[in-house]
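Subject: Structure for your attention

Dear colleague,

Please find the structure we spoke about below, followed by notes on what was found in it. I would be glad if you read the notes with the structure open beside them.

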Amino acid sequence: MDFFYAIIPPKVLSQIFVGLSRTTILFIVSSGLSLILGVLRIPNVAHGSLYMIGAFMAYSLSVLFGGGDLGFWMALIGAPLGVAIISLVAERGVFRYLYEREHLMLLLLTFAFSLVFGDLVKIVWGTEYKSVPVPQMFHGFVYLFGGLPFPLYNLFLLIVGPIVAVALWLFVNKTKIGKIGRAAAVDREMVGAVGINVSWVFAIVFVIGCLLAGLGGVLVAPTVSVTLGMDHTLIMEAFLIVIMGGLGNIWGALLGALIFGLSQSLGILIWSQFGIIFPYAAVIVVLLFRPTGLLKSTW
Amino acid sequence: MRKVMLFSFVFAAIFSLFLFTPSSYAQKTIKVGIVDTYTGPASAFTIDVRDGFEMAIKKINAKGGILGRKVEFTTRDEKFKPDIGLAMAKELVLKEKVDILMGTINSATALAVSDFAKKEKIPFFVTFSKSEKIVVDQGHRYVFNMNENAMMAGRAAGYALGKKPYTKYWIAGDDYEYGHSIANNVWENIQKVNSKAVLIGQTWWKVGEADFTPYITQILAAKPDFIIVATGGSGMVNFQKAAKATGLSQKIPFYQHTAIELSVLKPQGQNAPEGVFGTANYFFYYPDTPANKAFVDEFKKAYNREPRIGALSGYMTAQYIAKAYEKAGAIDKEKMVTALEGMVLDSPVGKLEIRACDHQLVLPMYFGKTKKDPKFPDFLVAGDIETITGKDYMPTCDEVRKMRKYK
């Protein structure tokens, strides 16, 4: 082990793992955004709001089930479903009539939605900060890598990340809807022409994308204060990640999230006073050399 | 043709309604215009200001108003945007003809509105902005600061922390004016008291940063004795949660302004870290005086929650407006401003004074650390409270004069 630490110092290893746990949440949220971008061609600015709603729902469910461990697990299941229902209503009620519109129009529409969602959250949950407790079993930290503490909850996130990635891969590559979705991303008229009900396929893809936003919101809730405005910072980062990875490519979202999360945590290690600039510098470098993103864009 | 004439006549009639009603109405009442942020995360604080103000105004009106005139107020939501805030302040003064302006939680808005208030000679009460520029660098005759500013908080904390035996300090905070201002003031004042103190490193993150874990592991590895954490808004809770999860709160003591306040501790319930140092200007449970109790009971009865610092600031603004007009003996802005200078009033936290030299309300600052208390099973409270009086930590009038832009 000492030999290993000589190659990669424990400080760096610890920082990499912390960065990876942040990557998990970024990936989950931005893969949903990318999925919707790729298949439905909607630049969904309201995606961040759904993430925020997911976190607020997690808070309510956690309180409803006594604020303990049960509350957290119920929130983990219930809140993404709640977000899914909201997005289904939004899709069936509004978005499905607007798929053929210009991107700018959709951008404005989803931006309007994000404002409406923001106010709805304020009406439903009030303005006070909310907090979801870390479940008892993930309380505290373990000493990893040369005695540096690592929060248990972040370890949990490191497990969730790959599970979601695999589930998403199975959905996109192995299910019929996933395949139709991929086909529709390339040519939606053609898919309709062969007699597939594209409308419902789109609805399902949209709901799954939004569900991922909700899941991200639940997972982040125990580590932060659940508050109005948490959507703004995230949606910025999510869009950067999606653009960096290639619009509509969910593996691009994974790659983008990895670059974003790791450059942030390692940037802090290199130059803690100016750590914030590293992820954005990484975005600039990537876009300079690959303006269309790292992986193939579906646009 | 007749149709057009009729239309323009109706239009003119309606328009004149808008034109004349407010000004004639203003004769009978005193109008206060509040510009503040009522959407987004900042509204967690601003609604308290509005409610505290409303509670006091209702009482004043019930007793017959000020010099026989009722007080009414209107609010405008600036959405945390200085340009919108300034436009709204202008609209309130020019169209609504308000006598007094009040607000806001956004320092940039407060500075813009303050500049406008100076030109229009309208008294402006700042209720939640923390920039010291408002009354120090850019202070003038018509602006009053009714809450603490970053300089005051930093100096008070520096005063208290300097006496502690820590030597290796680390600064970490939100990378914006408030963060830097708090951190600089704390650090400068620690150095004044403790000559052995050294700064071994700094960390700055963007405002609204959600995950502090990567920053904290970095700070832990550097092993400082003490961390000055200059976060604001939701960053307060975010940092405390991360400090607990990473074990930082058990290993290295740290300070955050308002760390011991209800707005930060209540959301975390019993899971908030213990032993976090903080400063605050108001607690509903301290000081345990009849005046504070009466204020808390009244606020709880009206709004069904405990008052926080914002409620005190809104409440006291209303008291000062009423008392200043009464002292001036006329509804006259110039006389009122003069009356406010040096005015001392009773408040839930004891006697408060508006300093004549800089128009800053002299508030006692409470320094303490978070602890569990069996009396409050739902959240942590401030313990070991040390009261730092204004004269110990406020910049002196001479210091303020030196920093003033407008002489």
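This is a predicted model: local features need pLDDT of at least 70, side-chain atom pairs count only at pLDDT 80 or more; totals for chains, interfaces and linings use all residues.

Helix 6 of chain A takes in residues 152-174, and its 23 residues should span 33 Å at 1.5 Å a residue, which agrees with the 33 Å between its end C-alpha atoms. Its buried residues are A:Y153, A:N154, A:L157, A:G161, A:L168 and A:V172.

The domain assignment divides chain B into domain 1 (8-148 + 290-363) and domain 2 (152-280 + 364-393). The C-alpha centres of these two domains of chain B are 31 Å apart, and the contact between them involves 16 residues of domain 1 and 14 residues of domain 2. On the side of domain 1 of chain B that touches domain 2 of chain B, there are eight nonpolar, three polar and five charged residues.

Strand 11 of chain B is joined by four bridges to strand 12 of chain B (residues 350-354), and the two run antiparallel; B:S347 stands opposite B:G350 in strand 12 of chain B.

**Chain B: the seven-stranded sheet**

Seven strands of chain B form another open sheet, in the order 7-6-8-9-10-14-15 and with mixed pairing. Strand 7 and strand 15 (381-388) of chain B stand at its edges with a single partner strand each, so that one side of each is left without a neighbour in the sheet, and the twist from one strand to the next averages 20 degrees. Strand 14 of chain B (residues 365-371) runs antiparallel to strand 15 of chain B and is joined to it by six bridges, with B:T387 in strand 15 of chain B as the bridge partner of B:Y366.

Two helices that pack on this sheet may be worth a look. Helix 5 of chain B (residues 150-161) touches strand 9 (254-257), strand 10 (277-280), strand 14 and strand 15 of chain B, and its direction makes about 65 degrees with that of strand 14 of chain B. Helix 7 of chain B touches strand 6 (168-174), strand 7 and strand 8 (226-230) of chain B, and its direction makes about 170 degrees with that of strand 7 of chain B.

**Between the chains**

The contact between the chains takes 36 residues from chain B and 40 residues from chain A. On the side of chain B that touches chain A, helix 2 (43-62), strand 7 (198-205), helix 7 (213-222) and helix 8 (235-245) of chain B each supply at least two residues, and helix 7 of chain B gives the most, with seven residues. The residues of that side of chain B divide into 14 nonpolar, 18 polar and four charged.

One residue to look up here is B:G201, which lies in strand 7 of chain B. Leaving aside its neighbours within four places in sequence, B:G201 is in contact with A:S272, B:W170 and B:A222, and B:G201 counts as partly exposed because it has 16 C-beta neighbours inside 10 Å.

With best regards

Conventions:
Residues are numbered from 1 along each chain as its sequence is written. Chains are lettered from A and ligands numbered from 1 in the order in which they are written. Two strands pair if DSSP finds at least two bridges between them. Domain bounds come from an automatic or database domain assignment. Two residues are in contact if their C-beta atoms, placed from the backbone, lie within 7 Å. Ala, Val, Leu, Ile, Met, Phe, Trp, Tyr, Cys and Pro count as nonpolar, Asp, Glu, Lys and Arg as charged, and the others, Gly among them, as polar. The expected span of a helix is 1.5 Å times one less than its number of residues. A residue is buried if 20 or more other C-beta atoms lie within 10 Å of its own, exposed if 12 or fewer, and partly exposed in between; C-beta atoms are placed from the backbone. Axes are lines fitted to C-alpha atoms, for helices over the stretch in contact, and angles run from 0 to 180 degrees between N-to-C directions.
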